[in-house]
Amino acid sequence: MKIDNSIAAFQMTNYLFEELSFKKDVGFTPSHKYKLNLDLNVDTQLLDETNGMVILECTVTGENAFTICAKMKGVFSLKKGEDINFKKFLQLNGTTVMFPFLRSAISDLTRVCNIAPVVLPLINITNFIKEEK
């Protein structure tokens, strides 16, 4: 079955992590119980009328345990002729597309650091974007 008519007008054309780091606090042991704190920031930049970038910056701290820092950029394109507010659409939908990649990278990073993988909670991106403004 061909999917040509099902391909979305909005596509992520590239992404990269500019930063992905793990720093263990002094005295932390893998069996240590800790409370997670998550700080997430989103920025959008229009490159032209049909291309834009979403930047996710995330800091995860396990109190008295560790700090994880991540900065991820995603580049998106929109098919010409679409009649939408591209910046608003980019912020909401770009973040929605990128967040699972960020969650996965943080889980993988903590796993290879020999601690129980940190799994970020699912978030309602629509509510998050409204609250961030």
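Guide: Contact here means heavy atoms within 4.5 Å, and the structure above is a predicted model.

Visitor: Which residues does L120 touch, leaving aside those up to four places away in sequence?

Guide: Under that cut-off of 4.5 Å between heavy atoms, L120 touches L38, C58, V60, F99, R103 and I106.

Visitor: What makes a set of residues a nonpolar core, and which residues have the most contacts inside the largest one here?

Guide: The members must be buried residues of the nonpolar kinds, joined through side-chain atoms within 4.5 Å, and buried requires under 20% relative accessible area. The largest such core in this model has 28 residues, and those with the most contacts inside it are V54, C58, V60, F66, L102, I106 and L120. At least two residues of this core come from each of β2 (36–46), β3, β4, α1 and α2, and α1 gives the most, with seven residues. In soluble globular proteins, nonpolar side chains tend to be buried together.

Visitor: Why is N64 called exposed?

Guide: Exposed requires over 50% relative accessible area, and N64 has 60%, so N64 counts as exposed. N64 is placed in the loop between β3 (51–62) and β4 (66–78), and its phi is near 55°, a positive value in a residue other than glycine.

Visitor: How do you know whether N114 is buried or exposed?

Guide: The relative accessible area of N114 is 61%, to be set against the cut-off of over 50%, and therefore N114 is exposed. N114 lies in the loop between α1 (86–112) and α2 (125–132), and, although not a glycine, N114 has a positive phi of about 65°.

Methods:
Residues numbered from 1 in each chain as written. Predicted model: local features only at pLDDT ≥ 70, side-chain atom pairs only at ≥ 80, totals over all residues. Heavy atoms only, no water. Helix = DSSP H or I, 4+ residues; strand = E, 2+ residues; numbered from the N terminus. Buried < 20%, exposed > 50% of the residue type's maximum accessible area, 1.4 Å probe, protein only.
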